[in-house]
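Welcome! Take a moment to turn the model around on your screen.

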Amino acid sequence: AGSSEYIALQDQAIQFLVQRAEFAQKADALGIKISAASVDQRLADVKKQYFGGDEKKFETQIKQQGLTQEQVRADILAQIISEELFKKVTADVKVSDADVKAYYDAHTQEFSTEKVKASHILVDSEDLAKEIHAKLVADKSQFAALAAQHSKDLSNAKRGGDLGSFGRGRMVKEFEEAAFALKADGDISDPVQTRFGWHIIQRNGREAGTVQPFDQVKGQIRVKLLSDSRREKTTAFVEGLKAKSGL
């Protein structure tokens, strides 16, 4: 108590509890009512999924976490309220056929079956990535040896960092963009940062592909656009509540 870590956790707890209360109030204002039977059913589902329906295992687990049955039910009620509230808030979100086609036309590359074959070296620091990159600019033939020496991706470091071939949508965005931007076999990318660390990528080959027809992918585009729109509206809703409460 009194430490900066304690104060930070206390602030997080306050924000969480205030948001939960605001959700409950907003749900009530919108006419959202959650019955005790709904909570009972969700709790039964939880017990079945995680504890095989074993009541004793469930009670042991919540006791270890310092929770009571009443607290668990309160958490479940809050979860259902937030789910129903977000459904209500995003009920009017729609995506038109024109929106779907416009996305397809603007992101044609996403629907290409083209593949690239590449290797990478993954390290934690930008400085080390730059150091390795400088060595590779001087001599690309060192790639496999440097991967074995430095790469923290142990699944392929001993194979010279070989990732095999992959299409779009298989790698994180920053990595994918850098890999597909390499123009020729043997080319080395500048250091690329992703959530995993810093990568140096070498292109080893390319498999030409075709672009999937619009009719084949329009369904998945619609799902993506609906999901993105709902997420944006939900985020705006939550931020609006935070602004009103001063959090």
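Which residues in α6 meet which residues in α7? In this predicted model, L128, I132, K135 and L136 of α6 meet F143, L146 and H150 of α7. Sorted by class, the residues of this contact are five nonpolar, one polar and one charged.

Two packed helices are described by the angle between their axes and the distance between the axes. Here are those values for two helix pairs.

| Helix pair | Angle | Axes apart |
|---|---|---|
| α6 (residues 126-138) and α7 (residues 143-150) | about 160 degrees | 10 Å |
| α2 (residues 36-51) and α3 (residues 55-64) | about 95 degrees | 10 Å |

Angles over 145 degrees count as roughly antiparallel, and α6 and α7 are therefore roughly antiparallel to each other. The crossing of α6 past α7 is right-handed.

Now look around α7 itself. F143, L146 and A147 of α7 are buried. These three residues lie on the same side of α7, because they cover an arc of only 105 degrees around the axis. On the other side of α7 you will find A145 and Q149, which are exposed. The buried residues of α7 are covered by elements including β1 (115-123), α6 and β4 (197-207).

The other pair in the table is α2 and α3, which pack at about 95 degrees. That angle makes α2 roughly perpendicular to α3. L43, K47 and F51 of α2 make the contact with E55, K57, F58 and Q61 of α3. By class, this contact of α2 with α3 holds three nonpolar, one polar and three charged residues.

Methods
Residues are numbered from 1 along each chain as its sequence is written. This is a predicted model: local features need pLDDT of at least 70, side-chain atom pairs count only at pLDDT 80 or more; totals for chains, interfaces and linings use all residues. Side-chain values use heavy atoms; hydrogens and water are left out. Axes are lines fitted to C-alpha atoms, for helices over the stretch in contact, and angles run from 0 to 180 degrees between N-to-C directions. Helices (H or I, at least four residues) and strands (E, at least two) are DSSP runs, numbered from the N terminus. Angles under 35 degrees count as roughly parallel, over 145 as roughly antiparallel, 65 to 115 as roughly perpendicular and the rest as oblique. A crossing is left-handed if the near helix is turned anticlockwise from the far one by less than a right angle, and right-handed if clockwise. Contact means heavy atoms within 4.5 Å. Ala, Val, Leu, Ile, Met, Phe, Trp, Tyr, Cys and Pro count as nonpolar, Asp, Glu, Lys and Arg as charged, and the others, Gly among them, as polar. Buried means under 20% relative accessible area, exposed over 50%, partly exposed in between (1.4 Å probe, protein chains only). The arc is that of the directions from the helix axis to the C-beta atoms.
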